[in-house]
Amino acid sequence: MSTPGISILEGKYMVTMDLFPQQSKEFNQIYEFYEYLKEGRFTTTKCKDCGSEPFPPRVMCPDCYSTNMEWIDWPTVGTVIDVTEEAVGVPLGFGKPPMIHALVDLDGKRTLFLRIINCNAGQLKSGDKVKLSVFDVDPVPQEVGREVVQIARVFYAFEPMK
Amino acid sequence: MDRNVCVIAGGMSKWGVRDGSQRDFFQEAAKACYDDNPLLNPKEIDGLLVASAYTERTSYQTHLAPLVAEYVGVKPKNICARVELLCASGSSAIILAFAMIKSGQADIVMVAGGEKLYTPQKWEVFYSELASVDHDWDGGQGLGLPPPVFAMVAKQHMLKYGTKKEHLGTVSVKNRRNSAKNPKAQFQTPVTMEEVMSGRMIVPPLTLYDCCPITDGAACLVLAAEDKAKDLTDKPLVYIRGTGQASVNNMSGNMPNWTTWEALKIAAHQAYSKAKVDPKEVNVAMTHDCFTISEIIEMEDLGFCEKGEGGFFVADGQNDFGGQVPTNTDGGLLGCGHPFGGTGIRQGMEVMRQLRGDAVQQVPNAMTGLTHNLSGFISAHTVLIYGREVA
């Protein structure tokens, strides 16, 4: 999807910015989540005052309003509750249909509705185990002074356990 | 000051895949609204609330309310602002207009809602949808366009309560039959159960006719204080009796229950309490049928039937003409389409007509009506109750 004349985007149509969050510390105070993600860790913040583990990670605890938060590791393996396979309407950038989503019990921490990759249609069933899978996504051309620096980004989905 | 508030005029543009711009549709809707009530002088409107969710994205326009005021020929002096709650933007604007009039901050407020969603590259709307959920977390999972979410809701509801694909089909057939009689609706043709059951697969178990479309269009409603309303309409007065809006989570991972919508139960309880209305007293309802399964769960969580019996309730005709609570009598989202900011206002307009007694498909002697929207990842719910009498 080329857009000539917008040199800063290096020929990419502007909406390539839209799929995934800004992950640099200049634009996101929970950037450490993505740093840990690059190490294969799935983390969130825990409140040191009340013990709450809000997800997504926070700057402030939504239960006791403390800002005394620490990073903790969460499980990287979960159990499938149910599966859907999206035949129509998959946004560009998320691959060819079907896009597989599963309701996953993350070992009692949360029930997450997750994209499942590296999985064939019809393969996944209730009760199957899935694990964290981290991949590179489009970098962001971020202005730093007069230079443009490509900020690498990652994101995550889950995939069937072999 | 605590005043009664009435709805005195309403109108909508033609909805669908439209030629034209967002500002064109707001003018068409205002024209229809002014034509609905010739006794209303638009120059007397002292407030304007505009409901639009994607205006910055698909029309590249912020600061929308003054633009709409200029285009529809009103000069507000008490409020002129935009309200955004995605699919419930319109109903939110009605609640705020109601509150302003009730408290004496304004006398006559217009609420106008609409969107131009189709862009020259149609796929762009799928990207815009990634902003409708928690973008950084659910958007990155490819969610946003809602069919996968509601497919999972439908699967869970079927598993837990024995709801059948045919129950979903009943909702499509009813709402498309109703929209075929509504000249402003996106879909002008009914569908049969056979067509519905053999529809193209979207996300199992949802097929084409289980899903509302993407829509361009706008709608307008005018609210007035009761003392003004008595002079400004020769039709029966329709009052807003009570409202509720609730949110208990946003991101999917924090959703307390996929098949019982807790925020809907809270919003409904608030609205029923303020309106002094029991669910069984509602004569006509416009509920948020973005998907067929939504209307089924709404029948349950609004208290029209027992939990888990929604599928059987609709299959028994209890939310059709002649049943307990005729629902989506103008075609709903499945038939009229869904330009986000316009939908709540379209619902309010249809309830106004039902209670005035001049709806295209009239529910006999309707005295109490209800509207409901859900928005985002089923994360906020909005309920309004209208009546021919005050609460």
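# Close-up views of a predicted two-chain model

**View 1. The largest nonpolar core.** The largest nonpolar core holds 147 residues, and those with the most contacts inside it are Ala29(B), Val111(B), Ala112(B), Val222(B) and Leu223(B). Strand S7 (residues 217–225) of chain B gives the largest share of this core, eight residues. Because domain 1 (5–121 + 215–238) and domain 2 (145–211 + 249–387) of chain B both give residues to the core, it lies between them. A nonpolar core is a set of buried Ala, Val, Leu, Ile, Met, Phe, Trp, Tyr and Cys residues joined through C-beta atoms within 7 Å. A residue is buried if 20 or more other C-beta atoms lie within 10 Å of its own, exposed if 12 or fewer, and partly exposed in between, with C-beta atoms placed from the backbone. Helices (H or I, at least four residues) and strands (E, at least two) are DSSP runs, numbered from the N terminus. This is a predicted model, in which local features need pLDDT of at least 70 and side-chain atom pairs count only at pLDDT 80 or more, while totals for chains, interfaces and linings use all residues. Residues are numbered from 1 along each chain as its sequence is written, and chains are lettered from A and ligands numbered from 1 in the order in which they are written.

**View 2. The surroundings of Val111(B).** Neighbours within four places in sequence are left aside here. The contacts of Val111(B) include Leu49(B), Ala51(B), Gly90(B), Ala93(B), Ile94(B) and Ala97(B). Also among them are Cys220(B), Leu221(B), Leu223(B) and Ile345(B). Two residues are in contact if their C-beta atoms, placed from the backbone, lie within 7 Å.

**View 3. Strand S1 of chain B and its partners.** Eight of the eight residues of S1(B) are buried. S1(B) and S7(B) run antiparallel and are joined by seven bridges; within this pairing, Leu223(B) is the bridge partner of Val7(B). S1(B) also pairs with S8(B) in the antiparallel sense, over two bridges, and here Val7(B) stands opposite Val238(B). Two strands pair if DSSP finds at least two bridges between them.

**View 4. The contact between the domains of chain B.** The C-alpha centres of domain 1 and domain 2 of chain B lie 23 Å apart; the domain bounds come from an automatic or database domain assignment. The contact takes 35 residues from domain 1 and 31 residues from domain 2. On the side of domain 1 that touches domain 2, the elements that give two or more residues are strand S1 (5–12), helix H4 (89–102), strand S4 (108–115) and S7 of chain B. H4(B) provides the largest share of that side, six residues.

**View 5. Helix H10 of chain B.** H10(B) (residues 262–275) has 14 residues and reaches 20 Å from its first C-alpha to its last, close to the 20 Å expected at 1.5 Å a residue. The expected span is 1.5 Å times one less than the number of residues. Among the buried residues of the helix are Ala263(B), Leu264(B), Lys265(B) and Tyr272(B). Their cover includes strand S8 (238–247), helix H11 (292–301), strand S10 (368–375) and strand S11 (380–387) of chain B. Just after H10(B), Lys276(B) takes a positive phi of about 55 degrees.
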